[in-house]
Amino acid sequence: MIGQIRREEQRKKGPVGTMIATKPISNENLNRHQEGSYSSQRMARIGIVVFPGSNCDRDVHYILNNVLKIQADFVWHTDSNLGTYDSVIIPGGFAYGDRLRAGVIAAHTPVAIELKKMAKGGRTILGICNGFQILVECGLLPGALVMNNSLSFVCRWTTIQVDNNNTPFTSLFKRNQTFKIPIAHGEGRYVADGRLLKSILRNNQVVFRYFKDDPNGSVDHIAAVCNEEGNVMGIMPHPERAPVNRSFDEASMIFRCLSTYLQPK
Amino acid sequence: MPFDLSAAQVKWFEIVMAALTKEESRYLAYKLNREPNKTEKEIVAAEWSEHCSYKSSKRFIKMLPSKGKHVVVGPGYDAAVLDVGDGYVITVHIESHNHPSAVDPYGGAATGVGGVIRDIISTGTRPIALLDALRFAPLLKEDNEDGSSNSEWLFRHVVRGIGDYGNCIGVPTVAGEIEFDPSFINYCLVDVASIGFGRRDSIVRNRANYDDLIILVGGPTGRDGIRGAAFASKTYLHHNRSAVQIPDPFLEKLLIEAITEAVEEGAIKALKDLGGGGLSCCLSEMSDNLEKGFDIELSEVHVKEKGMSPLELMLSESQERMLIITDHLKIDNIRRIFDKYELKYVILGKIKDHHNLVIRCNEKIVANMPSNIVANAPLARRFSKRPAYLSTLRLDFTPPVTPSNLTRVLLSMLSNPTIASKEWIYRQYDHEVGLRTMVKPGYADASVLRLDNGKFISVKLDGNSKQCYIDPYHGTLGCLSEACRNVACTGAYPIGIIDHLQFGSPENPEVFWSFRRAVSAINNYCKFMKIPVVGGKVSFYNETSKGPIKPTPVIGAIGLIEEKRLITQSSLKDGDAIFIVGTTANETGGSEYYEYVHRITGGNVAKVDMNIDRLNLRSTLELIDKNAVSCVHDCSKGGVAVAISEMAILGGVGFNIFIDKIPNSCYSIDSLLFSESHSRYVIGTQEPKTVEKILSGIDGLVFSQIGDAYNENVTFKMKSEILIDTDLRAITTNFKRLEQIMTR
């Protein structure tokens, strides 16, 4: 019910950016590329941010371009072009070797400032695994990710359930739909204190939950959260790995949702 | 700024090891035509250590067949290169890190991974998979002879070390094997193999011209791992912590990316990783291979700590370093790429038109020797003698009485950590990153990886120290047969073998006899099967407080699956008819049944008849080719009873087997159930008639339909008498024993 109301509110306010991200943001500096190529039928551009230590960048790139036929480019983290992308994906891996704490060093590089700008401007940002950790460390997503309750790295498949299908990453899913998805992480236990959790729930920010099979002990079995506006999402499981196993490939729908959302309307 | 050795350091060095033998010292002085100085002596000692020079093993492993239609580069280089068609190659290498892992399991295992990955990068290919073969003493104290064991600690941290390193660099750990045996008390064997993939035309050619630049890139050089090669070339008696290197997977990841990028830009002319022996071995071997002289200046090397002497710089085995050769045209590409990844590098020197390795520090020559002398150790003469224990084992042996409750025996076999599910291990390894893993660990006998040309490779490591101890020759043949069977079970034909021969001290004639028997087994098998041995490694001086380890050759098989062929897994399906190919003989010597259930060492080790082995392998592949099977599983550790149970657990379905239908020459029921005879395959099919028809058309093939898969009961019947009666839940629970031990 709460989710329903929230969505109604969003629709009235209209901030989630159906309009925002597909049209260039007026108050932001657009570089030549966008100005030059911008037309009514301009293809949305997706950038895959590569940090030193990113591991799943090539995997995401392969699945998007070669399997799902969604065009996406690598963007080295210091590349000044980052701001020109309509949407960015921060892939999994061990940015800066996960030194100190997963994601924390990446969150203190200049790219973090750019990401915050993009998020504020309503563009979509998807963080997968280590990308989720980075977005949390950037403060773009609430809560924190800590060591799994098993105290060890875990790589296997699990099942997740759609909780919020009103985000740019989940619009084609049905609410409560469940599907299989691979996980691979050491610090994937999502934590938030009572007050924060309440506000996350109230704002309908839980996007996916582990379904009957929580691999890391996350609070409320949370597998993915978004920001209040819904344009930034972090997900611990790896949707890009699902298409390898053709029999369980609902997970890559996340990218299809994103692509649909970014299409000019 | 490096300085000369202090008096205390000199003393410490001398205590750690007496470098060269007297004969070697004399030989060196004779070759140089002068007395070498201290630094030169130490550099040569590192290169002439057993670990780097293969001085005991070279003349034997040289005879192994290494040519084949897929082989581009055979053994002797950092990694072997195999052609997989369409302009693509795979590279493969195996290494062990036994001594360091026994001291520091986490760091030792992790740096073992790092070392083998750099060997793959050295060819200019990107690493796409890791495999590991591990050996420990039993985890439970009561399973060890003196009731004490640190093996749980070793095991836990070795697995974590491999996982943390492989996960961080984004290379999936896809397959492996593990064995527990009391002979590894307070020790462990950690073998790591890696597979690389790349384009044939971008393989680094390792050529150089005069005036080319020699660059050292990667981590700073420190005092860690000094004399690691020497440490590994001695019997492991005390904990020498300073000989173990410190892992930094993040740096390795940057090296992978930077080197791959530089290779793509054609900026690298020659490339080698720094492993055992550090700069000493790397520079001398490279200089010798290229047949060019090297002028090296050490003073600019980036270091971890001040005051390192030239000798320490030369011997340090600090990890994550590589040596590259480039020319003046491409140096700017190299600079740009290394700067992008914030990798430290230093131009160490230049290629010169002499043939010497000239090492300077602050422009003062500290060593100057012809590199072909340094890189080619005089071969050691080792004596061999049949071990006395072999006769004793034979005399002392009495076969056990067949247990009355065979159900309990089966459940106990399944809960044997050597046989039980390895999920606790591979769950800690990211085995899916890279999107190439088509068959994941645990689902089949080997793991299958996707290549970019639509083909697949199937990879597996196998070893069996228990059988190799009782019969080094047939034990080794068995490992070869098993590795090939494993890849064949996924539908692949073996195209290359890698071997890792691990033994005690070669100075012990009995150990050396076993070594020679193992080598001749590999030689005979591979020549007969026409599968080239493309790479390998020898690790001697693996000794514990109780003497030499059991002989442990580890064999890796690489199989190729052509485009659009079926990949088979091991999971039994409901309604499958179960067939067995091959004969079960009375071969329980060194089996898990004797060793784990009865604690008996002795008996007949399973022998491989190579004609039958080849016939059975080809027949099974033919069945897979004709799409007639739903699952295939190799019959090895634990025998046929364990093999079928594993298939049932994986498929989640029960079965009924008629034991009397299994083709055999056994004297007793227990031996029929648990004998580890080779060349056997268990096959499940929904089309028994087709399978029957195909197999009966093959001349000389022994096979039989032995049962069916249905509901949840697990039964083995002899005519109408039920010998084993249990269910899926019981066998599954027992199969999770390893996890229960490690998470209790």
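This is a predicted model: local features need pLDDT of at least 70, side-chain atom pairs count only at pLDDT 80 or more; totals for chains, interfaces and linings use all residues.
**View 1. Helices α10(B) and α13(B) are roughly antiparallel to each other.** Residues are numbered from 1 along each chain as its sequence is written, while chains are lettered from A and ligands numbered from 1 in the order in which they are written. Helices (H or I, at least four residues) and strands (E, at least two) are DSSP runs, numbered from the N terminus. Helix α13 of chain B covers residues 331-340; its axis comes within 10 Å of the axis of α10(B), and the two cross at roughly 155°. Axes are lines fitted to C-alpha atoms, for helices over the stretch in contact, and angles run from 0 to 180 degrees between N-to-C directions. From α10(B), A258(B), E261(B) and A262(B) meet N333(B), I334(B), I337(B) and F338(B) of α13(B). Contact requires C-beta atoms, placed from the backbone, within 7 Å. By class, this contact has five nonpolar, one polar and one charged residues. Ala, Val, Leu, Ile, Met, Phe, Trp, Tyr, Cys and Pro count as nonpolar, Asp, Glu, Lys and Arg as charged, and the others, Gly among them, as polar.

**View 2. Helix α16(B) is roughly perpendicular to α23(B).** Residues 406-414 form α16(B) and residues 639-651 form α23(B); they pack at about 65° with axes 10 Å apart. This crossing is right-handed. L410(B), M413(B) and L414(B) in α16(B) meet A641(B), V642(B) and S645(B) in α23(B). The contact has five nonpolar, one polar and no charged residues.

**View 3. Chain B touches chain A through 19 residues, which meet 20 residues of chain A.** On chain B, α8 and α10 (249-264) each supply at least two residues of this side. Helix α10(B) gives the most, with four. This side of chain B divides into eight nonpolar, six polar and five charged residues.

**View 4. Helix α8(B) is largely enclosed by the rest of the structure, because 14 of its 19 residues are buried.** A residue is buried if 20 or more other C-beta atoms lie within 10 Å of its own, exposed if 12 or fewer, and partly exposed in between; C-beta atoms are placed from the backbone. Helix α8(B) runs over residues 151-169 and reaches 27 Å between its end C-alpha atoms, close to the expected 27 Å. The expected span is 1.5 Å times one less than the number of residues. G170(B) follows, with a positive phi near 75°.

**View 5. Helix α22(B) has buried residues, among them D613(B), L617(B) and I624(B).** Their cover includes α19 (472-489), β17 (493-502) and α25 (688-696) of chain B. After the helix comes N627(B), whose phi is positive, near 60°.

**View 6. E187(A) lies in the loop between β7 (178-185) and β8 (189-191) of chain A.** With 19 C-beta neighbours inside 10 Å, E187(A) counts as partly exposed. Leaving aside neighbours within four places in sequence, E187(A) is in contact with A102(A), Q133(A), L145(A), V146(A) and M147(A).

Key: Two residues are in contact if their C-beta atoms, placed from the backbone, lie within 7 Å. Angles under 35 degrees count as roughly parallel, over 145 as roughly antiparallel, 65 to 115 as roughly perpendicular and the rest as oblique. A crossing is left-handed if the near helix is turned anticlockwise from the far one by less than a right angle, and right-handed if clockwise.
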